[in-house]
Each structure stands twice: as structure tokens, then as C-alpha cells.
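Subject: Structure handover

Hello,

Here is the structure you asked for. Please open it and keep it in view while you read. My notes follow below.

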Amino acid sequence: MGTRVLRDFEYLKPISVDETVSLLERYGNEASILAGGTDLLVSLKLLRISPKYLIDITGIGELGGVTGGENETRIGATTTIKELARSVLIYEKYTALGEAAQQMGTTQMRQVATIGGNLCRASAGADTAPPLLALKARAEIYRRTGGRTIPLAEFFIGPGQSALTPGEILTAITIPAPAPHTGSSFIRINGTVSELPQLSAAATVVTENDQCTSARIALGAVAPTPVRARQAEKLLISKELNREVVEAAAHKVTEEISPRTSFRSSADYRRDVAAVIVKRALIKAYERSRGAPSG
Amino acid sequence: MDRVIDLTVNGQTISLGVKANETLLDILRDRLGLTGTKYGCGTGRCGACTVLADGQPTSSCITLAVSAAGKEITTIEGLAPDGKLHPIQEEFIKRGAIQCGFCTSGFILTAKALLAENPNPTPEEIRRYVRGNLCRCTGYVKIVEAITAAAQRLGKGQEARK
């Protein structure tokens, strides 16, 4: 597996987003974006793709960094997984995302891999996707003629296919400030840490006087794209999340997902374990929303 | 296409003409003759190609040479420049943490980065940090013991935890 020799390509390193989108518009499908490269370089070595141009976006300051604001937090597309994993702001406000960043990949990968790369590769199992879906994230997209912002759920079109059209780049993810008494949790089932997960689940729960007022459940690698389990979410509203309620929701999830058998895992395993991890994530998110110390 | 980059390796800065499709690993081994860094999986998963880039563990096989320009690269050769082994290297030898040696360079450099930020890690913290470094020979127990012993020797922390 893998080759020693990469095919030839032209390497470009723009210094601004405007320059980047001009290049993307000019070169279209012949160009690939290089950020951390932990997935791109593998695709190149395995000869899955052969771009003529690599556009290195790591030198563009405006694409990086976590900016906390009163109403929302903005995460630049080239923010590394390591930065997310280490961010106190992210862990406190958006725990599920912090947990995903901590659980995914290896030390070496987290050093350079980016949230933008994880999302734009649009794998069904992308680790940052379920937490972001559960946290109501939005995707900021830019092209030469202007920008657009869409809910993250609309960003995933199909397996490996994002909503980006030629000439567009993901510039940032924005997450609204959490309501009071919000708790979230993420669980990854590894085959190995350096690969995509076998499956994953994230849950966000908002409570008032121990009753759930809103909830989001999102899963990875159990459908063609990262998905929400909207029917299961409805079963939690206005309820205390006791064992019975949580188990009912977890069971509902198994009816909503459409897992496949792949080399990483079987459809049966994914369906069965989805119920388990949704249950665990809900219990943890509920505890956190009520201010219990996280275990 | 060629471009000239300045590469700083083990404290020395050199100007090299590199092709865009050359990896840092290619440059280290084939151009600079620093063969202590190994080609394992070629896809950034096994850790055998780990070097430090600005002190951080980096998979050189999936790092383009052009991406490494401007960074301080440390290879295993840079740990014992005058022949005197680093405490981490000594403990690996002493504790039987080396069998075939192929994973060793990567492990030692990753361990060096770990101890720089966490001078007194627990075995769990060590295992978590080095999980991007795979070993087929030793079963990891001696590796964790060696890193723990090196941490104690480097002595920047408190007394050993139980």
C-alpha cells in the first residue's frame, strides 16, 4: 500500500482567501486544497486522485484560529485538531467537539490535520461532523463573487461529497453560543485511532429543572453522510432523561439510520452499537447539562 | 518543478532545490543522508517517519518538503550530535525497549516532545501520546517503562507517581 513517489504537480501557496478562490476558479477540478495533508497526501500516494495543482492554504492567517464571541464562536477552517483538542473554550462550551478532537487521530495527525479538511473530505465518518451537527454549526463558504453561510446539515451532499462547488472554499465554521444548561458528549468507536471510526455519536441536551427542553443527536459512519436522528430527538422533549426514555430514543435511532457493511465494520454491528453509544452520549450530555461533574 | 527552499535540520540551515512532489522524508533520507528516520507505511500512520518540526511530532512521509521550509526539523541524529546519547536513548537501550529498532527513532522523538510538555506523564498518558507510533516487536511495555525512566532522569518533575 502506498507508493514512494508522488506524481508531479504544481505547488501554489496563496497569501489570501481572495487569491485562493481565484486559483480555485481558474483551475477547477484540476486543483486540490492542501492544509494538513493527512488525507490528501494519502490519496495522492494511493493514486486515488491526480491533481495538477496543490493549493497550500496554511499560510493564510484569516483562515485560522478560534474566536469566541458573545453570540457565537467562529472556528477558522485551518484550525488544527490539536488546537481544538487543547482549547478550554471549546471544551467548556462545546464539549462534544473537544472530545471528538481529543479522540480522533494520532498525535502526529492532530498536529496538522484541520477541521476544514475533516469536513470538506465529507466522509460519512468524519469525526468533527456529529458534534458540529449536534451543536447547530453553520458553514461559511466563500467564492470570488461573495460568500454564503449554510447550516452544516446542508454541507454534506453524499458520501465524500460536500456542498462546495468549483471555485468555493470553506472559510470557517460558526457555532451559536450554547443555551444555559446545555451539555454535550461525543463517543467514537475505533477500529484504530489513525483511521476513520467504525461509528460515532454526539448528543446535545438542554435542560430546565431536569427536563429536556431540546436535544440533538448526530451520528457518523451509519449513513451515506453524517446524520441527525430527528425522530429520536423528539422522544426526549419535555422528559427527564431516565433510563427508559434514553433507551427508547436509542432504539429509535436504530430505525432512522442506514448503516452499510464496509471493511471497517458491519451494518449489524453499526446498528447495534449505535444504540449503545447514543445512550451513553445522552446520559453524559444530560449529566453535563445539569451541572454534574463530567466523568 | 523546482523551487529553492531553506531547510533547517538539526540546527543547520541549508538551501535546497526541491521538487514540489518530494516529501520531507525523501529529502532527509535520500538527499541529506539522514537515514535514521525510517519509511514505514508511507501514509502517515505508523510513526516510523516521525521527526520533530518546531518541536512537534510530524509524519515526514506525508509532509511535503516545501511545507517544511522555515521550520526547525529535528531528526534522531540531532539528539546525540556529539555522540553522547540523550537520556531517552539510553533508557531505551537499557530497558530492552529496542528489538529491531525500526520504530525506535520515531518513538524517541515523540517521547522527547511528550516530556517537553508533560515532564511526569503517567503510563496512560504516555500510551495515549505515542499511539501514533507502532511497534511490532516489543509489545510496548518496555517502551513505556523506558519513557517513564527517562522522565525521572530528566528530573524536571516531581517524584515518580505510583
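How are H4(B) and H6(B) oriented to each other? Keep in mind that this is a predicted model. Start with the numbers. Helix H4 of chain B covers residues 104-117, and helix H6 of chain B covers residues 141-154. Their axes cross at roughly 45°. Angles under 35 degrees would count as roughly parallel, and 65 to 115 as roughly perpendicular. H4(B) and H6(B) are therefore oblique to each other. The two axes come within 11 Å. The crossing of H4(B) past H6(B) is right-handed.

Now look at the side of each helix that takes part. H4(B) brings Phe107(B), Ala111(B), Leu114(B) and Leu115(B) to the contact. H6(B) brings Ile143(B), Ile147(B), Ala150(B), Ala151(B) and Leu154(B). Sorted by type, the residues of this contact are nine nonpolar, no polar and no charged.

Next, the two chains. Chain A puts 32 residues into the contact, and chain B puts in 30 residues. Together they bury about 2600 Å² between them. Of that area, 50% lies on carbon and sulfur atoms. Which three residues supply more than any others of the area that chain A buries against chain B? They are Arg4(A), Tyr11(A) and Gln108(A), with 26% of it.

Last, the charged pairs. Two salt bridges are found across the interface of chain A and chain B. Find Arg45(B) and Glu195(A) in the model. Their side chains form a salt bridge, at 2.9 Å from N to O.

Best wishes

Key. Residues numbered from 1 in each chain as written. Chains lettered and ligands numbered in written order. Predicted model: local features only at pLDDT ≥ 70, side-chain atom pairs only at ≥ 80, totals over all residues. Heavy atoms only, no water. Axes fitted to C-alpha atoms, helices over the stretch in contact; angles between N-to-C directions. Helix = DSSP H or I, 4+ residues; strand = E, 2+ residues; numbered from the N terminus. Parallel < 35°, antiparallel > 145°, perpendicular 65-115°, else oblique. Left-handed = near helix turned anticlockwise from the far one by under 90°. Contact = heavy atoms within 4.5 Å. Nonpolar A, V, L, I, M, F, W, Y, C, P; charged D, E, K, R; others polar. Buried area = accessible area lost by both parts, 1.4 Å probe. Salt bridge = Lys/Arg side-chain N within 4 Å of Asp/Glu carboxyl O.
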